[in-house]
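Open the model in a viewer and keep the sequence panel beside it. The tour goes from one selection to the next and says what is found at each.

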Amino acid sequence: MELEANFSTEEACRAYLARLRWPTGFHCPRCGSQKAWRVRGLWECARCGCQSSVTAGTIFQDTRIPLPVWFRAMWWVTTQKNGASALGLQRVLELKKYKAAWMMLHKLRHAMVRPGRDLLTGRVEVDECYVGGLEEGLPGRLNLDKALVVVAAQEDGPGIGRIRLRQIVDASTESLMPFVQDSIAPGSVVHTDGWRGYLPLDSKGYKHDVTIVTRKKKTASELLPRVHRVVSLLKRWLIGTHQGAVSHKYLDYYLDEFTFRFNRRSSKSRGKLFFRLAQQAVAVDPFPYEQIVRPSSEKSKGKAQSVAAT
Ligand SMILES: [Zn+2]
């Protein structure tokens, strides 16, 4: 009710986004001037006359969907404990087209990856796991070909701190090292099994703690329990919320959403999650349809290589 009361108009939503995008006040993107007039939802620079929109250069750019509907979507996505499916969002927003809901969700997932987010520190478990194919011991079925996902899970006492996930083509050093370097701060302790793909960790500035899986009773999931707990939650989430209908092509987007939710799971305030998502939505670049369906960034490089390799 509070959301509906505060963000029922285009203008109210714009004002909120402007506060998030320009926390210290408006800055003209052309000349840097801080003085501007408001003209029909736009900011017109008092010095150079250039007009800017608060949504230009964000995920809301070129959208035909009214901002109040976007705000309702962000609220729905952040308040659902397990996240939303496109079908659920379409129903809640009463959208005529499924595709519109599907697009909004993918754009919001894109905003869940914070640009320049902090690296994991301290002691971090890292391991790769297969997701997809036939999953034993899980209700329902994951309609996804086997995909290799590498997971980094920060140790927090016996529990799990923050996590990072990425789909990779294989478990080679060339796939694993870039992930570790993008996810974990140098100087941290990286705990892995004895796989040789992790051998260069020492030379990359990490303290490498290796636990070798022997043929004794202990299994990989007991040696690296946090990573395996994360993977099992991920599988349950993909099956539960998305009915297992996740294709290889879009798996990275789902990993982003899962990471966003997991890393903020203890956040008591749903409002804070909404704030965070809105803040990131105006901080990331636009994510047009062509880019969603034909991922061309580093995210898809792995997939492209795997297609080439097979
Ligand atoms: Zn200007």
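**First stop: a cysteine without a bond**

Select Cys50 and show its sulfur: the closest cysteine sulfur, in Cys28, is 4.0 Å away, which is too far for a bond. A disulfide here is a pair of cysteine sulfur atoms within 2.5 Å. By that rule the count of disulfides is zero. Cys50 has 11% relative accessibility and therefore counts as buried. Buried means under 20% relative accessible area, exposed over 50%, and partly exposed in between, with a 1.4 Å probe and protein chains only.

A note on what is on screen: this is a predicted model, in which local features need pLDDT of at least 70 and side-chain atom pairs count only at pLDDT 80 or more, while totals for chains, interfaces and linings use all residues. Residues are numbered from 1 along each chain as its sequence is written, and side-chain values use heavy atoms, with hydrogens and water left out.

**Second stop: the zinc ion**

Now select the zinc ion. Which residues are its protein donors? They are Cys28, Cys31, Cys45 and Cys48, each through SG, at 2.3 to 2.4 Å from the ion. Donors are N, O and S atoms within 2.8 Å of the metal (3.2 Å for Na, K and Ca); water is not among the atoms, so sites may look incomplete. The angles among the four donor atoms run from 100 to 116 degrees, and the site is tetrahedral, a label given to four donors if all angles lie between 85 and 135 degrees. Along the sequence, the donor residues follow the spacing C-x2-C-x13-C-x2-C.

Cys28 is buried at 3% and Cys45 is buried at 2%, whereas Cys31, at 28%, is partly exposed.

**Third stop: the sheet**

Show the strands, which are DSSP runs of E with at least two residues, while helices are runs of H or I with at least four, both numbered from the N terminus. Three strands make an open antiparallel sheet in the order 1-2-3. Strand 1 (36-39) and strand 3 (51-52) are at the edges with a single partner strand each, so one side of each has no neighbour in the sheet. Two strands pair if DSSP finds at least two bridges between them; strand 2 (residues 42-45) and strand 3 have two, in the antiparallel sense. Select Glu44 to find Gln51 of strand 3 opposite.

**Last stop: helix 4**

Select residues 86-93, which form helix 4; its buried residues are Ala86, Gly88, Leu89, Gln90 and Leu93. Their cover includes helix 3 (67-79) and helix 5 (98-111). Just after helix 4, Glu94 has a positive phi of about 55 degrees.

Methods: Four donors count as tetrahedral if all angles lie between 85 and 135 degrees; four count as square planar and six as octahedral if opposite donors are over 155 degrees apart and all others between 65 and 115; anything else is irregular. Contact means heavy atoms within 4.5 Å.
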